Amino acid sequence: MKSFLIGFLFIICGAALANSLREPTFKIILSKSLEGEREVISCAFLNAQTRLTTFAGKFDWNHLVKKPFIKEARIFDSKVEFDKFATEFLGYPPNTKLPELFSAALEKEALFALSPKVYKSLYPDGQEPDSFEKLITHEMAHRLHVRILNGNEEEMGPIWFFEGFAIYAADQFADSLPNLSEAEIWTIVESPIRGSYKKYATVFRFFLNKTTLFDLISYAAQPNFVEWLHSLK
Ligand SMILES: [Zn+2]
């Protein structure tokens, strides 16, 4: 009886997908208080998959998004619970202080994230239409990046670059790009410390105006990456 009912639990997601009746193929585990939002959250996952597939298609990476990125998803209604799960799951020592804005991750084919509401309260400055959907897309984009590199995670380049790639692929902050001087851009490129994602969005586009995404990805793995960036006209 149960499986019969589940078979009819189709979900209609968003205006753009109004004609498609679909549901995620993986399990989504929610904090109890989030059960009322299950449909909205499921839709965000489906829309995120569509976003990333569309992005990949523009660069002929369709073959790299065929295999699902996510086998299981967990959404948390509190940052404390999320951090606790992440620490254990990622094998960090207990009481590891995770970054304040750490909101989602996709490791070992498990995606875990804050709920849309908690994400919003934690990072109000990062909110835009479809913020949560873009957050999920961002995490999948990191995995796409690894697939582009044939699994060589260490070739993803510096922080600003691999975060910039995921931000660009997820189309995050495209309508609120900060203006940065060239000097500020180079300071960010030279910095080994994790910085503002909005600024990364601007920095990434700055270089994308000078060369192709394919070249950026392949040079990011090289020791002379920054030198090479300086040589771009
Ligand atoms: Zn990221």
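This is a predicted model: local features need pLDDT of at least 70, side-chain atom pairs count only at pLDDT 80 or more; totals for chains, interfaces and linings use all residues.
Trainee: Which elements give two or more residues to the side of domain 1 that touches domain 2, and which of them supplies the largest share?
Mentor: The domain assignment of the chain gives domain 1 (21–148) and domain 2 (158–233), and their C-alpha centres lie 23 Å apart. The contact takes 15 residues from domain 1 and 15 residues from domain 2. On the domain 1 side, helix 2 (38–58) and helix 5 (131–148) are the elements that give two or more residues. The largest share, eight residues, comes from helix 5.

Trainee: How do the residues of the side of domain 1 that touches domain 2 divide by class?
Mentor: That side holds the 15 residues that domain 1 gives to the contact. They divide into seven nonpolar, five polar and three charged.

Trainee: Which residues touch the most other members of the largest nonpolar core?
Mentor: This core has 46 residues. It draws at least three residues from each of domain 1 (21–148) and domain 2 (158–233). The residues that touch the most other members are I136, A141, F165, I167 and A169.

Trainee: Which residues does A169 touch, not counting residues up to four places away in sequence?
Mentor: A169 belongs to the largest nonpolar core and is among the residues that touch the most other members. Leaving aside residues up to four places away in sequence, A169 touches L52, F55, T137, A141 and L144.

Trainee: Are helix 6 and helix 8 roughly parallel or roughly perpendicular to each other?
Mentor: Helix 6 (residues 159–169) and helix 8 (residues 197–208) have axes 8 Å apart and pack at an angle of about 85°. Angles from 65 to 115 degrees count as roughly perpendicular. Helix 6 and helix 8 are therefore roughly perpendicular.

Trainee: Which residues of helix 8 meet helix 6?
Mentor: Helix 6 brings W160, E163, G164, F165, I167 and Y168 to this contact. By class, the residues of the contact divide into nine nonpolar, one polar and one charged. On the helix 8 side, the residues are Y197, Y200, A201, V203 and F204.

Trainee: Where do helix 7 and helix 8 touch, and what classes of residue make the contact?
Mentor: The axes of helix 7 and helix 8 come within 10 Å and cross at roughly 100°, which means that helix 7 is roughly perpendicular to helix 8. I185, I188 and V189 of helix 7 make the contact with K199, V203 and F206 of helix 8. By class, this contact has five nonpolar, no polar and one charged residues.

Trainee: Is I193 buried or exposed?
Mentor: I193 is found in the loop between helix 7 (182–190) and helix 8. I193 and I159 are 34 residues apart in sequence and 7.7 Å apart in space, C-alpha to C-alpha. I193 has 7 C-beta neighbours inside 10 Å, so I193 counts as exposed.

Trainee: Is N95 buried or exposed?
Mentor: N95 has a positive phi of about 70° although it is not a glycine. Its place is in the loop between helix 3 (79–89) and strand 5 (104–107). Because 6 other C-beta atoms lie within 10 Å, N95 is exposed.

Trainee: Is F173 buried or exposed?
Mentor: F173 has a positive phi of about 60° although it is not a glycine, and it lies in the loop between helix 6 and helix 7. The cut-off for a buried residue is 20 or more other C-beta atoms within 10 Å. With 22 other C-beta atoms within 10 Å, F173 is therefore buried.

Key. Residues are numbered from 1 along each chain as its sequence is written. Axes are lines fitted to C-alpha atoms, for helices over the stretch in contact, and angles run from 0 to 180 degrees between N-to-C directions. Helices (H or I, at least four residues) and strands (E, at least two) are DSSP runs, numbered from the N terminus. Angles under 35 degrees count as roughly parallel, over 145 as roughly antiparallel, 65 to 115 as roughly perpendicular and the rest as oblique. Two residues are in contact if their C-beta atoms, placed from the backbone, lie within 7 Å. Ala, Val, Leu, Ile, Met, Phe, Trp, Tyr, Cys and Pro count as nonpolar, Asp, Glu, Lys and Arg as charged, and the others, Gly among them, as polar. A nonpolar core is a set of buried Ala, Val, Leu, Ile, Met, Phe, Trp, Tyr and Cys residues joined through C-beta atoms within 7 Å. A residue is buried if 20 or more other C-beta atoms lie within 10 Å of its own, exposed if 12 or fewer, and partly exposed in between; C-beta atoms are placed from the backbone. Domain bounds come from an automatic or database domain assignment.
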